Amino acid sequence: MSVLNIVLIGLASLLVPAPALDNGLALTPTMGWLHWERFMCNTDCDADPQNCIREELFMEMADVMVKEGWKDAGYEFVCIDDCWPLHERDAQGRLQADPKRFPSGIKKLADYVHAKGLKLGIYADVGTKTCAGYPGTLGYYDIDAKTFADWGVDLLKFDGCFMPDWHQLGEGYMNMSRALNQTGRSIVYSCEWPLYEWQHQQPDYDAIRKTCNHWRNYGDVYDQWTSVKSILDWTADKQKILVPVAGPGGWNDPDMLVIGNFGLSHDQQQTQMALWAIMAAPLLMSNDLRNICPKAKELLQNKQIIAINQDPLGKQGHLTLKGDSFEVWERPLSGNRLAVAVMNRQEIGGPRRFIISLATVPSWQLCDPKCNVTQILPVYREIGVQNLISEVMVRVNPTGTTLLTVTPIKSNPHDTL
């Protein structure tokens, strides 16, 4: 490709992240499974027992996560989303699970999940009702936090529907954060505060980072390529705001992985996996692990991609180059390494050539004097030792992504000139 048609995108001064929520959790992005995108609010267990929101669904997912290698790959949370409770609280004001669909109760479900070496997540809402119309937590923050802790919950996804006054969003999320911490139980706190505040003003991300372990910024992901693209475009547009606030203990959440469902081609699934790793995103799958194709399973369990996502340096990557229907996203990794994702935004034709060099990837300077380049996607291959003036050619399928890691090689002081 011609470098005349590209635009290098600088992210000049990445600010030092604000202090994270001090609960010792989510030091790397959360990994697990969440029911919403695939199973939504299906409560008709008589007509569709295999796919309705009931305790057996989560027990079966926990079983599969252990049996099929998901737990070993790092996926540890089994998360309940909306539509689990009754439409009214009990006499003590506590939320209660629908006894028809969760006859054993959430505590027994948590015990089952914990016995598998996994953790249980649950869902509630900062406002008067959840998005699906179940009881909200406004006015019940302490009661609900204690209930979840008593049940043995390990993660709370806290939505933002039906808040009477959007000015109260921040206060509500901070109240729940305080209530969770006061329970004494370690509960990862997944917020949707900025998602609902962006509709009115730019959120205070310093406050959000001190309150939440990860936070949704943008609308729900759908099982379609246009949805994944819109999330990437919005994130790139706001990256000067988002990238500096991410780090150990607090992460930007671009929403669920829809890999293994119906709407994405395999190349598009590779793009979502690669870019979610570059963005240091929580990896929360929403799919049917009981019936998933081998290629999707292999992609989701890819150890090299997961290692990029879970890199302990904890820096979020960002878009660095855009042009000629290509995008380059880069993420700094521990050990002065680099992850590079080259995405082909063109949706016509065949594979296209892209040259990685100092001109297209200024971070290539870490190849002075030498570096080793490894291709992770679309297939693993060792590209080998390169230097500062090397040009590495990759082919990228339409809507696909080539993912690389670049590792500097220190010069040997015993080498002679």
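Predicted model: local features only at pLDDT ≥ 70, side-chain atom pairs only at ≥ 80, totals over all residues.
**Entry 1: a salt bridge**

I began with Arg345, which forms a salt bridge with Asp233; their closest N and O atoms are 2.9 Å apart.

I next looked up how the chain is divided. The domain assignment gives domain 1 as residues 31-310 and domain 2 as residues 318-408. I then asked how far apart the C-alpha centres of the two domains lie. The distance between the centres is 31 Å.

I also looked up the contacts between them. On the side of domain 1, 24 residues are in contact with domain 2, and 24 residues of domain 2 take part in turn.

**Entry 2: the area between the domains**

Which three residues supply more than any other three of the area that domain 1 buries against domain 2? I found Gln270, Ile278 and Ile308, which together supply 30% of that area.

**Entry 3: polar links across the interface**

The rule finds two salt bridges across the interface of domain 1 and domain 2. It also finds twelve residue pairs in polar contact there, both residues of each pair being at pLDDT 80 or more.

**Entry 4: Thr399**

I turned to Thr399, which sits in the loop between β16 (392-396) and β17 (401-409). Is Thr399 buried or exposed? Thr399 counts as buried because its relative accessibility is 6%, and the cut-off for buried is under 20%.

I looked up its neighbours, leaving out residues up to four places away in sequence. Thr399 touches Trp225, Ser265, Asp267, Gln268, Thr271, Asn344, Gln346 and Glu347. With one of these, Gln268, the side chain of Thr399 makes a polar contact, side chain to side chain, at 3.4 Å.

**Entry 5: the annotated span**

I consulted the UniProt record, an unreviewed entry. Its annotation "domain: Alpha galactosidase A C-terminal" covers residues 314-400. In the model this span is 0% helix and 54% strand, and its end C-alpha atoms lie 25 Å apart.

**Entry 6: cis peptide bonds**

Asp368 and Pro369 are joined by a cis bond with omega of about 10°. Pro369 lies in the loop between β13 (352-356) and β14 (370-377). The bond from Leu377 to Pro378 is also cis, with omega near 5°. Pro378 is in the loop between β14 and β15 (381-387).

**Entry 7: positive phi angles**

Asp324 is not a glycine, yet its phi is positive, at about 55°. Ser325 is in the loop between β10 and β11 as well, and its phi, near 65°, is again a positive value in a residue other than glycine.

How much relative accessible area does Asp324 have? Asp324 has 32% and is therefore partly exposed. Ser325, with 34%, is partly exposed too.

Conventions: Residues numbered from 1 in each chain as written. Heavy atoms only, no water. Helix = DSSP H or I, 4+ residues; strand = E, 2+ residues; numbered from the N terminus. Buried < 20%, exposed > 50% of the residue type's maximum accessible area, 1.4 Å probe, protein only. Polar contact = N/O pair within 3.5 Å; in protein donor to acceptor, adjacent residues only side chain to side chain. Contact = heavy atoms within 4.5 Å. UniProt positions renumbered as here; feature names shortened; annotations may be inferred. Domains from an automatic or database assignment. Buried area = accessible area lost by both parts, 1.4 Å probe. Salt bridge = Lys/Arg side-chain N within 4 Å of Asp/Glu carboxyl O.
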